[in-house]
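Work through each task first, then compare your steps with the solution.

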Amino acid sequence: MAGHSRIWRGLGAVFCAVTLLLADFAPVLAQERRTLFDMLFRNERRQPRANPSIIQMQQPRPRVRQPRSVTRTPAPAQPRAEVAAEPAVEKREDARKILVVGDFTAASLGTGLEASFADDPSVVVVNEGSGSSGLVRQDFFNWPVELQNQIETLKPALVVVMIGANDRQSMVIGEQRERFKTEAWLKEYERRVAELAGIVSTRSLPLLWVGLPAFQSTALTADAVTMNGIYRQNVEKLGGQFVDVWDGFVSEEGQFIITGSDINGQQVRLRSADGIGFTEAGKRKLAFYVEKLARRQLGDVTLESLTRLDSGDLPLLGSLPPEAEASVPTQPISLSDPQLDGGDVLLGSSAPAPNRAMSPRTLLLTKGEVPDAPVGRVDNYRLTPQPEPGAAQ
């Protein structure tokens, strides 16, 4: 019995030791999933497998620097180099004035003309266009009276008129109100156009009457065609000049366009969104039709003389200037001179003499000989001049 008790005590001690050992290694077993056999009887230790969740917790997280709201005093702005604006050309005191009158189309034209003559100190554009004016509502704005006052005050050298876009309305004639485009309306409108043009012509001033362009509204465009006919007929009758701008604002098929070619041939927007007004490019294009005629009326021949190629602008090529005659022994030879090849006599006019010397052309074609150049000419390369024929030897 004593032997059995000792055995049981030994087994109890082993069991306790194993229990304590298992308690110590319980976390390790949970992490490594190792068996008891591996722990007790294998000397080789396995590397623990990493638990991703534990690694993520143990690895230090990168510090994200949060922006701090710090009020910083702005650095003093560096003085920027001033861009020198292009100075406007100062107009002369005796500059000739172009008076532009009419409605909102005239105001757009005047803006374009101001840009056209901006670099010309001898011309001033006076833009007096009134947006809502016309020839029908003289109770609102009386252009005949206003034009006379402006001519007396400004003393213009040229008057430019563009009007009519606001005139598609009834007109009061005497005590009667006439609807637009009735026979009485058209007759009275012609009279008012002639009256306005006569104010300019009776003062012996040149007049440029600019026609209406096409509009987006087909009805307004059709009426503009009718009114342009009235302007042309009555203005030219009084000595003025009608300026037709129609083709500049329609397509090749004659349809209204908002985008088209500007004065440089580039495709740009010419008209405003309402299909009536003009953009800056459109205003400049309006002025393009008037500028050349205005310069001609003002007597400015500078542009025309640059392109004229008549004999008055060409230098005299038949002789040398006096200062060059001393250094050049001979006069220039014209390439069309008939003496150059002996062809100054028409063929068959006279029979050639038997002993007549052959012409240089005949010598070249028949014998292949080139005669000597005249003495003193640049292509005479002889060092010593040859004696003239018939001279004493």
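**Exercise 1.** Decide whether W185 is buried or exposed.

*Solution.* Start with the cut-offs: buried means under 20% relative accessible area, exposed means over 50%, and partly exposed lies in between, using a 1.4 Å probe and protein chains only. W185 has a relative accessibility of 1%, so W185 counts as buried. Keep in mind that this is a predicted model, in which local features need pLDDT of at least 70 and side-chain atom pairs count only at pLDDT 80 or more, while totals for chains, interfaces and linings use all residues. Residues are numbered from 1 along each chain as its sequence is written, and side-chain values use heavy atoms, with hydrogens and water left out.

**Exercise 2.** Work out how the rings of W185 and Y189 are arranged.

*Solution.* First, the rule: rings of Phe, Tyr and Trp (its six-membered ring) pair if their centres lie within 6.5 Å; planes under 30 degrees apart are stacked, over 60 edge-to-face, and the rest tilted. By this rule there are seven aromatic pairs. In one of them, W185 and Y189 have ring centres 4.8 Å apart and planes at 10 degrees, so the pair is stacked. Helices here are DSSP runs of H or I with at least four residues, strands are runs of E with at least two, and both are numbered from the N terminus. Y189 is buried too, at 0% relative accessible area. Finally, widen the view: W185 and Y189 belong to one aromatic cluster with F180, W209 and Y231.

**Exercise 3.** Find how helix 7 is oriented to helix 8 and to helix 6.

*Solution.* Two packed helices are described by the angle between their axes and the distance between the axes. Axes are lines fitted to C-alpha atoms, for helices over the stretch in contact, and angles run from 0 to 180 degrees between N-to-C directions. Angles under 35 degrees count as roughly parallel, over 145 as roughly antiparallel, 65 to 115 as roughly perpendicular, and the rest as oblique.

- Helix 7 and helix 8 (residues 218-237) have axes that come within 9 Å and cross at roughly 45 degrees; helix 7 and helix 8 are therefore oblique.
- Helix 6 (residues 143-154) and helix 7 have axes that come within 10 Å and cross at roughly 15 degrees; helix 6 and helix 7 are therefore roughly parallel.

**Exercise 4.** Where does strand 3 sit in its sheet, and which residues stand opposite its own?

*Solution.* Begin with the whole sheet, counting two strands as paired if DSSP finds at least two bridges between them. Five strands form an open sheet in the order 2-1-3-6-7, with parallel pairing. Strand 3 (residues 158-162) is joined to strand 1 (residues 96-102) by five bridges and to strand 6 (residues 207-210) by three.

Then check the side chains. In a regular strand they alternate between the two faces of the sheet. Here L158, V160 and M162 point one way from strand 3, and V159 and V161 the other way. Five of the five residues of strand 3 are buried, so strand 3 is largely enclosed by the rest of the structure.
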